[in-house]
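Please consult the sequence and coordinates alongside each answer.

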Protein chains: 2
Amino acid sequence: GTGADNDLYINQAIVFIEDAIQYRSINHRVDSKSLGLYRWYYSRTCQWILGLTITVILALAFIEKPSSLTITSDVRYRLPAWNPPCGLTESIELLCFLVFAIDVSVKSYLIGWEEFWKNKWLMAYILTLIVSLTDWIVSLSFFCAEDLRIRRILRPFFLLQNSSMMKKTLKSINSTLPEMASVVLLLAVHLSLFTMFAMLLFARTKDGQQDKEWVAYFRNLPDALTSLLVLLTTANNPDVMIPAYSKNRAYSIFFILFTVLGNLFLMHLLTAIIYNQFRGYLLKSVQSSLFRRRLGIRAAFEVLSSLKETPANSQQSYVSAGALLQVLQKAEMDSRCRQAIIRSLKICSCDQLSAAQFQKLFEELDKDAIKQHPPTPEYQSHFMQKMQFVFGHPYFGYLGNVVALANIVSICVVLVMDADKQPSERDDFFLGAINCFFILYYVLEMLLKIIAMGLKRYLSYPSNRFDGLLTVILLVLEIATFAVYGFPHPGWRPEFMGLLSLWDMVRLVNMFIVFRFLRIIPNMKFMALVVTTLLDLVKNLRAFAGILVVVFYAFAITGIMLFKGAVVPVGNTRLNFFLIIFLSQTSFYIKKEIVLYFKEKCDFMALFGHFQAEIIYCLLYLLSVNLICRWAKIYFVAWWLISSVIWVNLFIALLLENFIHKWDRRCHREPVSDIEYQRTVELMFRDVLEEPTEEELMEKLHQHPHLQLCR
Amino acid sequence: GTGADNDLYINQAIVFIEDAIQYRSINHRVDSKSLGLYRWYYSRTCQWILGLTITVILALAFIEKPSSLTITSDVRYRLPAWNPPCGLTESIELLCFLVFAIDVSVKSYLIGWEEFWKNKWLMAYILTLIVSLTDWIVSLSFFCAEDLRIRRILRPFFLLQNSSMMKKTLKSINSTLPEMASVVLLLAVHLSLFTMFAMLLFARTKDGQQDKEWVAYFRNLPDALTSLLVLLTTANNPDVMIPAYSKNRAYSIFFILFTVLGNLFLMHLLTAIIYNQFRGYLLKSVQSSLFRRRLGIRAAFEVLSSLKETPANSQQSYVSAGALLQVLQKAEMDSRCRQAIIRSLKICSCDQLSAAQFQKLFEELDKDAIKQHPPTPEYQSHFMQKMQFVFGHPYFGYLGNVVALANIVSICVVLVMDADKQPSERDDFFLGAINCFFILYYVLEMLLKIIAMGLKRYLSYPSNRFDGLLTVILLVLEIATFAVYGFPHPGWRPEFMGLLSLWDMVRLVNMFIVFRFLRIIPNMKFMALVVTTLLDLVKNLRAFAGILVVVFYAFAITGIMLFKGAVVPVGNTRLNFFLIIFLSQTSFYIKKEIVLYFKEKCDFMALFGHFQAEIIYCLLYLLSVNLICRWAKIYFVAWWLISSVIWVNLFIALLLENFIHKWDRRCHREPVSDIEYQRTVELMFRDVLEEPTEEELMEKLHQHPHLQLCR
């Protein structure tokens, strides 16, 4: 019937609007039942459950069998980590797989079978699930005793496929790969030519005294290649040339040439290439997001214009304002946006909306919320008004900053004075007294500001919230200290009481004071710019960070599996692998000492003298196991290339992009009084984005696999 | 008289045109005598003498008293370096000062006294000369025994003031300083806040076993600051956190936070800022060069238009073609440019040139020479024509590349096979035989190519020149080998004869073969692009490299003076300081082992076991001298900031700038058959540069301090 049809159209419009808001594709089934399923699937609860499942399955690695969830990393002191019984983590895994199975089947159903065969991500999803389940069955049939668990390496895929941003970023990175591969090839050519040169230059001589360089670094092809590859990371920079340099100073020319060409030119060329390639792709991805939004809105317009109530005689299609209102009420969206749209709809006061008007109404979605701070309270009394003026003035804030600085300086002075004192000689009175005074001032400042500005206005500023929260924490800590240890007096050195010693309490208070000092940031222009750039970056970096987590995870699990035999005698080191991989980020792993001790397999314990943390220990161990060493090399070189070279360069590219856009805008626009918070990539590229044309939109709409438009 | 006036005008025009060609300022005296002096001063001989003088005074450092011009750097084997007698280097210095004095007085006279007082560079020049001379007199009166020689630190100034490119670059860097200072300030705030946090976190505890972190890295404020500063260079990355991490894994959060914020964000922000700031300045400096060129040409036009022979009645001023021809004949310029200008003058066939026409004629100066290869010889015989077709074909070149690759691979295989053999077991027959074969092929290839292309055309390609030169060298080496050691046969292992052993000869040949393999570069598109970018960069980088040399030199001399007492017992180490400073480029000097041994002052000799080259030795020594250690810290941190942080970032900025321009051009233009060689900054920015307007030029001309224009 017409009523049912109309209901379907309204429902379709609602879903399309929601798609537009979330930048989702509109290529899904549009019949009544599917729409219900679709809205249920994208409801907050469902998505939250999916997110939780992904978190749980990733977090499983921390408690699974070779677990190292202990406080200390020192093998001597730490208790054996708790190993879950066989079947516990496996049953949690099965639950997760179930959720994923539901997820993939709903997704596949919603996009329709035709689309399904074109969607490689969904196919890979199903394949991953099948492989994981098979592996799970094998694992259970061996009573969790089998070595190879492929499903662990596959886990990060679940994170990857769930985020459209990450998929998009991966696509961008993928398009940069050919160029990157060229430079990496160039690096390889550079490396191999220099290796041959080095092997000819530092050949074995008849005089055993003269070929130290050959013995230490260029004994054979793999050794020579490793030496020069490590030199490319600058880790063994002076050492590798010392024997040759000590023979003849001129040998240094070879190393200098290699370093300048490889390290200075080729490595930075990689930065330039990645930046150059990546510039366009970020913009492109934002452009496609915009297209999705416009397309969703247009689709909503088209279905609404098919409603029976509109006059069909006119050439152009129109949408009645009533239908739109109905859709707006039911669609899930930010209430501020909804109100703004309804308001403009009322202002325009047109009964029939054309496509352009319809699009224009929804431009509100692209705008950022303009924060309006609540007004200050209006006091009657003259005294209160004066107080309000004084304590609401920016200078009062500056005074607060000066006091905070004075506090920092005083803490610093005490730290320097107490640096070499024995803990028993230390007098906590001075620090206790000054902190007491300063915290009193902070509380007073907060109260006065609240009086001057009113609580609501006070809390509407993020800097005030930060300030207030820390002040309250400091006050609580100080009161707790006095409650347990009494008021400070000269020679105030009480014994340990309660949860923390007085010294620990004072340290904690001091740390919070140091932390509170960050409130000066918004007052310094350049710092504010830098901090907002960094915040922007963090927001834009989420997709990158996600991909990094995926790579981290896969590498960590692969590493654990590869080096299982080597690591076992030292201790179970799961968390460590994450840490090692973080450290390698800053080019640690092929650092000199590793290579050095790698050579002197046996006596590294003697060299270290006393016990070193297992982190170096285990790495040394696994590097010293000859069998594994070549695998380890390939593994670490791959990791170095991905994390230290490619990821860092991508990061630089993103930072350059963000910063230069921000900077240009700062220079072009008039100075705005408040700091702007424009954190989304979309807003950053606003001025450069192109609006999709009517034809493009309609062409795309007509290609929709499930929606049959009347015309 | 009129004739003398006319001569003066012609001379002025000649000098102005020469100024335009060399991008020189035209603000100098323009009377007859001064013009003669000016042309003499800027003649090739004079400038060559000046350049030589600068080289000599800079090179003096290598043979001056604490000289280390020895082959080996090993103190045990090396002979005491030759120390010149007192008065030798000093008299060379005096000669140099004399040349500089003449230089500065000519320069000052030429720009005139009024301009002189505005020119800070000239003032500084005179001041430097006076200080140097005073220091020289003091030095001689002490019979070269005094410690402090300020004039040595001042020497690089002579290099700096002589290059207008370097002065311009320095100005650019100078304008970037405020922004850089902001980030460095931010880094300092980051560092100091984290230092305070660390000192509170890793405080001394009553239990001696628990405060390893405090003992090792955070004992007092300077120690803590150093630890974290070194962490910022990632040199002590895992070690600094090991004791705390071994106590509680959670402590790693502090270090990770510090590294991510400082190393990943702030350091790369510096890159972004420098790139962003620097982008404009390079363009600006090129723009001002263009302005100088246009101004010089316009000034020539103006003086030529005042010649008496031109009709004075017309509103616009004109220049007769005859006068211009006269000027062109006498002005010193590239003969290709001169001919091109004369040719266009004849084509235009106008007797009177307007200002616009005049400027247009000289646009030839901005164009790059288009290289035309000589034609191939035309053979009569059918056989020769066929040969010409076959061996002139690109595929023959590709075949040559394949053969070169095969040669490389064969050398590689022999190297791998011989890697662990004793020198006495080695059989040189195989390598000798294959090299003989390959070199024969190379010679044949060269000869065939010469026949096919003709000698002139063959030599006109740089790749052929490279190829041919190496082939000839290889042939000579091979013939020499056969002459001394006879032809290769199995078991060919002759004793040492002549200058080099057979093994050394073979190695040398192999090295040249490896080097010759670089001929493949122009055949690979991406490689060719990268290599031309690098060549561009090297050209544009000269000014940067000059400034780096200035800073290197000043730092090296300062270091020698600062650490004189500390270094003396180890040995004289002048050249070493240059090397140390180069190594520090790749963040060597605050590397871990230094810091480590810096802590364990005494037993580093025992640790090293056997003798290490003095380079580490002397650094350790001077770091281990407690008195000097704080100075050394400041010195090295300053050096790290300048060379490793600022210079490397400037380099990245320049590389990005070059590469992105190049890349954009490659994408926009149609593909050109030959590789273009556009190496000057001017040409790179061609499309973006703005031509100065007529008004700007005339205004500038009227401000000329010595030239009185008629109107």
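Q: Where is the place of Thr195(B) in chain B?
A: This is a predicted model, in which local features need pLDDT of at least 70, side-chain atom pairs count only at pLDDT 80 or more, and totals for chains, interfaces and linings use all residues. Residues are numbered from 1 along each chain as its sequence is written, chains are lettered from A and ligands numbered from 1 in the order in which they are written, and side-chain values use heavy atoms, with hydrogens and water left out. Helices (H or I, at least four residues) and strands (E, at least two) are DSSP runs numbered from the N terminus. On that basis, Thr195(B) lies in helix 9 (residues 164-201) of chain B.

Q: Is Thr195(B) buried or exposed?
A: Buried means under 20% relative accessible area, exposed over 50%, and partly exposed in between (1.4 Å probe, protein chains only). With a relative accessible area of 1%, Thr195(B) is therefore buried.

Q: Which residues does Thr195(B) touch, not counting residues up to four places away in sequence?
A: The C-alpha atom of Thr195(B) is separated by 9.5 Å from that of Pro222(B), 27 residues apart along the chain. Contact means heavy atoms within 4.5 Å. With residues up to four places away in sequence left out, Thr195(B) touches Leu221(B), Ala224(B), Leu225(B) and Leu228(B).

Q: Which residues does Phe526(B) touch, not counting residues up to four places away in sequence?
A: Phe526(B) belongs to helix 23 (residues 525-540) of chain B. Its relative accessible area is 15%, so Phe526(B) is buried. Leaving out residues up to four places away in sequence, Phe526(B) touches Glu179(A), Ser182(A), Val183(A), Ile273(A) and Trp663(B).

Q: Why are helix 18 of chain B and helix 19 of chain B roughly antiparallel to each other?
A: Axes are lines fitted to C-alpha atoms, for helices over the stretch in contact, and angles run from 0 to 180 degrees between N-to-C directions. Angles under 35 degrees count as roughly parallel, over 145 as roughly antiparallel, 65 to 115 as roughly perpendicular and the rest as oblique. The axes of helix 18 (residues 394-418) of chain B and helix 19 of chain B come within 11 Å and cross at roughly 165°. The two helices are therefore roughly antiparallel.

Q: At what angle do helix 19 of chain B and helix 22 of chain B pack?
A: Helix 19 (residues 429-453) of chain B and helix 22 (residues 502-516) of chain B have axes 11 Å apart. These helices are oblique to each other. Their packing angle is about 45°.

Q: Which residues of helix 22 of chain B make the contact with helix 19 of chain B?
A: From helix 19 of chain B, the contact draws on Leu431(B), Asn435(B), Ile439(B), Tyr442(B) and Glu445(B). From helix 22 of chain B come Val506(B), Val509(B), Asn510(B), Ile513(B) and Arg516(B).

Q: What is the phi of Tyr23(A)?
A: Tyr23(A) is in the loop between helix 1 (2-21) and helix 2 (32-41) of chain A. At 24% relative accessibility, Tyr23(A) counts as partly exposed. Although Tyr23(A) is not a glycine, its phi is positive, at about 55°.

Q: How many helices and strands are there in chain A?
A: Of the 711 residues of chain A, 52% count as buried. Residues 24 or more positions apart account for 75% of the contacts in chain A with a separation of 6 or more. The secondary structure of chain A comprises 32 helices and two strands.
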